[in-house]
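Hi everyone, thanks for coming. Please have a look at the sequence and the model on the screen, and then I'll walk you through them.

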Amino acid sequence: ALSYLTDGADDQIQNVLNSGVAPYLVQHLGQTDVRVLTPAVRAVGNIVTGSEHQTQAALDCGCLSFFPALLQHHKESIKKEAVWTISNITAGTKSQIQAVIDHGSYLSLLML
């Protein structure tokens with residue numbers, strides 16, 4: 001359900017962030033059950049399509065630490081969502097791009 005709530009304009013994304021749920025969404029990026037993982041990756045991916053501040057909120061929750069594993073997931077749809085999310089983060093500020101580089105997520109992209 002949160003993946004639908006985050007799929008919209010920045011004000012809709014901000015309402016989700018204001019609810020305080022972002023850290024819990026990010027924690028679910030470590031789930032092995034794809035029924036939980038898939039909507040979590042989509043929701044975080046939707047959040048980073050928002051403003052630079054909304055993208056930063058996802059980064060501040062530690063989302064990047066999950067992406068090396070997500071980019072190597074056995075399910076192609078999870079990989080696709082992860083690549084899309086990284087792509088949107090790298091459309092952000094210089095510090096957000098540097099965060100992707102620092103976490104080594106780009107190395108996993110090169111292995112795809």
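First, some ground rules. This is a predicted model: local features need pLDDT of at least 70, side-chain atom pairs count only at pLDDT 80 or more, and totals for chains, interfaces and linings use all residues. Residues are numbered from 1 along each chain as its sequence is written, and side-chain values use heavy atoms, with hydrogens and water left out.

So what is the protein built from? It has 9 helices and 0 strands; here helices (H or I, at least four residues) and strands (E, at least two) are DSSP runs, numbered from the N terminus. The radius of gyration is 13 Å, close to the 13 Å that the globule rule gives for 112 residues, so the protein is as compact as a globular protein of that length. That radius is taken over C-alpha atoms, and the rule is 2.2 Å times the number of residues to the power 0.38. Along the principal axes, the C-alpha atoms fill a box of roughly 35 × 35 × 20 Å.

Of the 112 residues, 38% count as buried. Buried means under 20% relative accessible area, exposed over 50%, and partly exposed in between (1.4 Å probe, protein chains only). Now for contacts, meaning heavy atoms within 4.5 Å. Among those between residues at least 6 apart in sequence, 63% join residues at least 24 apart.

Next, please find helix H7, residues 76–89. How far apart are its end C-alpha atoms? They are 20 Å apart, which agrees with the 20 Å that its 14 residues should span at 1.5 Å a residue. The expected span is 1.5 Å times one less than the number of residues.

Which residues of H7 are buried? They are Ile78, Lys79, Glu81, Ala82, Thr85, Ile86 and Ile89. They cover an arc of only 165° around the axis, which puts them on the same side of H7; the arc is that of the directions from the helix axis to the C-beta atoms. The face turned away from that buried side carries the exposed residues Glu76 and Lys80.

Gln96 is buried, at 1% relative accessible area. A polar atom of its side chain lies 2.9 Å from the backbone oxygen of Glu52, and a polar contact of 3.3 Å joins the side chains of Gln96 and Gln56. By polar contact I mean a pair of N or O atoms within 3.5 Å; within protein, one must be able to donate a hydrogen and the other to accept it, and residues adjacent in sequence count only if both atoms are side-chain atoms. Not counting residues up to four places away in sequence, Gln96 also touches Ile89, one of the buried residues of H7.

Asn46 sits in helix H4 (residues 34–47). With 5% relative accessibility, Asn46 counts as buried, and its side chain makes a polar contact of 3.1 Å with that of Thr6.
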